[in-house]
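Hi everyone, thanks for coming.

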Amino acid sequence: MQLLNAGEDLSESELLRLAVQHAVASLSALGGFAHLAEPEERALRLVATAGWPPHVARLWERLPVTAPVAPVRAVIENCLVWDRAWPESSDSEDSGHASARAAGVLSVPLLIENTPVGALSVVCQDPPRNDGFLTVLAETVSRRLGHVPTPQTGRAPWWQEQAPSERASSVRPIRVGRWEWDVTTGHLQIDEVTEDLIRLAGLEPLEWDRRIDTWMSRIHPDDRPSVDAEIDRAMREGELFAVQYRVVDLQGQTNWLELRGQFTYAEDGDPLRMTGTAWDVTELQSKMAWLTSLLELHPDSICVFDLEARVVWANRAARGLAARGLQTMVGTVPWVADNRLAGLGLPEMIARARAADGSVVTHEFTVHLDQDVDTVTYAARAVGIGEHIAVQLVDITKQKHAEEHAAALAVRMEVLRGDLAAALGASDVAKAMERHILPLVEASGLLLYQYTQGWPYLVGAAGYSAGSVRALHGTDEPPRLSALPVTDTPHFISNVSEGEQHYPDLQLHTRFAGKRSWALLPLIVAGARVGHCVISWDKPRFLGAEDRALLTTLSGLMAQALERGKLYDIEHQRAQELRRALRPRPLPALTSVTVAARHLSTHGNETGGAWCDAVPLPGARVAFISGAVTGGGLRAAITVAQLRTVVAELTALDYPLSELIVRVSNSDIVTQLAQIEDGPQCSLLIALYDATTGRLEMASAGHPAPLLQALGRSPSVSPLPVGAPLGTSHLPYETVEMDVPPETIISLGTSACLDNLDDATVRSLQAAANLRSAQNELDKACDRVVGLLATEGCTDAALLLARLGRLNPSNIADWRLPLDPQSAGRARQLTHGQLTDWNLRGAEFASELAISELIGNTVRHATGPVRLRLLNLADTLHIEVYDGSQSMPRIQPMELMAENGRGLLLIGQIATGWGSRFTADGKCIWVALETLAHL
């Protein structure tokens with residue numbers, strides 16, 4: 001742009017005049033102005049103008065800050081303004097420029113240090129489309145204006161400013177001559193400037209006869225027809241005559257002249273004369289020739305199309321397309337001459353360019369060339385220039401391939417990120433890397449290591465045989481990192497010799513795995529090394545900057561995923577340990593009772609808010625427990641585990657049932673849950689069964705009553721009152737005792753399970769009651785009920801089924817003894833005889849010792865009567881001594897000289913267990929001795 005190339009010593013008015021000229025020319029405006037602010041006068045003063053006669057320009061000479069016109073608004077509002085308002089004028093003044101007032105004014109402020117100091121304006125019929133050019137031009141002027149010194153003597157009026165000096169302007173002034181041609185006489189009058197131009201046509205002033213024919217004879221023969229045609233057109237239409245043509249001087253040099261003129265006519269319409277101007281445009285034509293040469297040598301293909309879409313000009317690059325099989329030669333319509341160009345949108349692009357009013361139209365198309373295996377993609381830019389359309393073709397095939405590769409890479413990276421984000425453990429990370437990273441870099445091998453307790457262990461391998469993995473890592477389990485460098489910076493090894501030169505131990509990878517190049521990537525998160533990755537290729541491979549950057553980026557993603565996987569593995573292991581701890585305990589082996597239980601929970605693996613248990617008690621007794629905690633998930637499972645432990649421990653202490661359920665209700669875990677607002681509620685059912693008597697005792701705290709099914713009968717609900725849930729009442733819970741027939745089936749659990757005991761299940765339970773080994777039938781019945789609940793969408797349930805058998809009376813010995821010291825001897829005699837009958841002679845000594853101690857303590861400390869009962873239970877002999885006292889024995893610290901406390905210590909040494917419990921009329925002390933049955 002001339003403004004940028006202008007000299008640094010332009011005056012203020014010269015700079016602004018040059019800017020106005022640029023603005024008018026670039027925006028095809030009717031005219032333009034430049035104003036500067038006069039703060040003292042509170043007005044804008046006109047400094048430069050272009051395109052307007054003086055009488056129009058004077059309207060804009062001084063604009064008060066109150067004037068509602070575009071330049072004033074632009075300065076005050078500090079923004080681009082379009083407005084059709086003009087300054088006020090008298091009627092006489094307005095008559096001379098009424099037509100101009102129909103146009104509008106576009107103004108932009110001129111800024112120095114962000115402060116408006118003036119305005120640059122153009123006058124147009126309509127708002128210009130590319131008004132951004134005026135803003136850019138104003139910014140350029142503002143930067144130059146800040147370095148132009150302010151005139152010391154004040155600014156001269158716009159109409160007195162001199163044109164820019166030749167030194168300050170990059171454009172040399174043009175000398176314009178005037179001429180007049182008398183059509184009737186053929187005489188041609190010229191001024192002094194024009195006389196200088198005749199030398200360019202090879203005429204000396206002394207030889208010049210001032211005849212039009214002489215002048216016309218000097219026109220270049222190739223240009224004479226167009227000049228004659230232009231004269232005829234101007235004469236016929238009465239329009240302006242404008243033409244450029246060549247003349248040759250005496251030295252044989254070709255010069256260019258431009259002539260403009262207008263005919264005047266007689267009253268009858270005949271032309272009288274033509275007057276006009278002439279000037280030398282040789283320099284301009286030379287520049288145009290240079291521009292043509294530049295376009296000819298441009299590396300991009302450039303074609304010019306006429307109104308019929310024929311190529312009228314093509315540069316060398318465009319003509320060279322013919323060598324590649326595309327028809328772009330002059331005189332053809334390309335998409336007609338070459339079928340491969342049909343249907344690619346080229347005619348539509350030409351049409352859009354014609355309608356775009358000078359704006360550039362872009363279009364992309366892809367064509368297959370004969371000599372190329374792949375297609376070629378071109379970006380076409382078309383712009384209308386008069387009646388012609390200039391089209392530039394740029395080969396963007398490589399760019400498109402690069403964009404497609406980048407897009408595909410972005411998609412694969414996004415998929416990789418998704419898989420790495422979804423990876424749970426380290427093994428999942430290794431699988432995601434194998435699926436995505438190896439194809440991404442065309443690699444053949446992958447080794448992924450994770451740091452555990454300071455050592456890198458192999459967590460994933462791909463592209464390596466099991467034998468090569470063992471050879472690289474030895475016999476370590478899990479395998480440790482093989483002999484490769486581990487640093488905090490990536491290492492890239494292009495070939496074997498390079499690797500062995502720096503890393504001798506790399507021979508193992510070459511010998512056993514057959515690899516030939518490697519990328520050694522540390523996996524670092526927050527400055528800490530979490531792992532190491534080895535990516536390998538079967539052939540030597542040089543990794544360029546792009547590949548290295550990609551692998552480094554991938555290592556960051558892998559490190560993050562591996563660290564998340566490590567944390568997941570740790571948390572998963574902890575969760576598994578917790579889940580295992582929360583699982584219900586296996587059901588124990590019970591005396592004369594067969595039991596089966598199932599748990600259904602969708603909140604976790606065998607955890608939930610419902611549970612069932614069976615707790616064996618001394619004396620061939622068992623406690624059946626069923627409970628539930630409202631809610632679900634881990635919190636409910638933990639609560640159940642705590643509550644289940646409390647119930648089991650208190651039950652094992654052998655409290656009376658009425659006291660047992662109250663102790664559970666008052667336990668810490670239940671009390672804490674009761675204090676939680678809207679906390680979970682806990683229900684509990686305990687049923688105590690004595691296999692020696694068939695006695696069943698039950699109590700419920702908000703839990704459904706169990707079902708009882710005697711042999712040959714249908715299930716019925718037991719007559720058990722259901723009390724309040726645990727922790728909601730301080731009243732004692734009511735218990736129910738009953739005698740149940742042998743082989744009775746008891747069903748207890750959540751209400752969903754008890755309600756789904758269908759006929760098939762009932763029949764299987766009846767069958768279970770008739771079998772000596774009912775385990776399979778009970779398991780099938782449990783599975784049937786739980787399976788039915790699962791299909792119905794039940795989320796939490798527990799069921800326990802038990803066949804209540806009886807202990808064989810032959811395995812029970814029961815005697816009543818007086819409260820007398822002689823009873824100890826009598827008890828030993830009875831026991832000796834019974835053990836002989838049971839063939840348990842190996843337990844005689846221990847049993848007699850225990851009976852002597854128990855009977856002796858009873859006679860000494862309790863009240864009568866005394867009862868001795870022996871139970872032969874598999875490999876255990878249970879000795880029970882009953883009395884009428886509520887005082888319980890307790891172990892005391894052993895003292896050397898003390899006479900008391902030795903008996904229980906002695907029993908504790910010989911027995912597998914001992915304890916005591918209250919009865920309805922006293923207490924029972926029992927001892928369990930291991931026996932060698934039936935020796």
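So, α14 and α15: these two helices run roughly antiparallel to each other, a label used for angles over 145 degrees. This is a predicted model, where local features need pLDDT of at least 70 and side-chain atom pairs count only at pLDDT 80 or more, while totals for chains, interfaces and linings use all residues. Residues are numbered from 1 along each chain as its sequence is written, and side-chain values use heavy atoms, with hydrogens and water left out.

Helix α14 covers residues 397–422 and α15 covers 426–441; they pack at about 170 degrees, axes 9 Å apart. Helices here are DSSP runs of H or I, at least four residues, and strands are runs of E, at least two, numbered from the N terminus. Axes are lines fitted to C-alpha atoms, for helices over the stretch in contact, with angles from 0 to 180 degrees between N-to-C directions.

Who touches whom? Among the contact residues are Leu 409 and Met 413 of α14, and Val 429 and Ile 437 of α15, contact being heavy atoms within 4.5 Å.

Now the sheet. It's open, with 6 strands in the order β3-β2-β1-β6-β5-β4, paired antiparallel; pairing takes at least two DSSP bridges. At the edges sit β3 (62–64) and β4 (81–83), each pairing on one side only. Neighbouring strands are turned by 25 degrees on average, direction ignored.

Strands β1 (31–38) and β6 (115–124) share 6 bridges, and Phe 33 stands opposite Ser 121 in β6. Helix α2 (12–26) packs on this sheet, touching β1, β2, β5 and β6.

Terms used. Angles under 35 degrees count as roughly parallel, over 145 as roughly antiparallel, 65 to 115 as roughly perpendicular and the rest as oblique.
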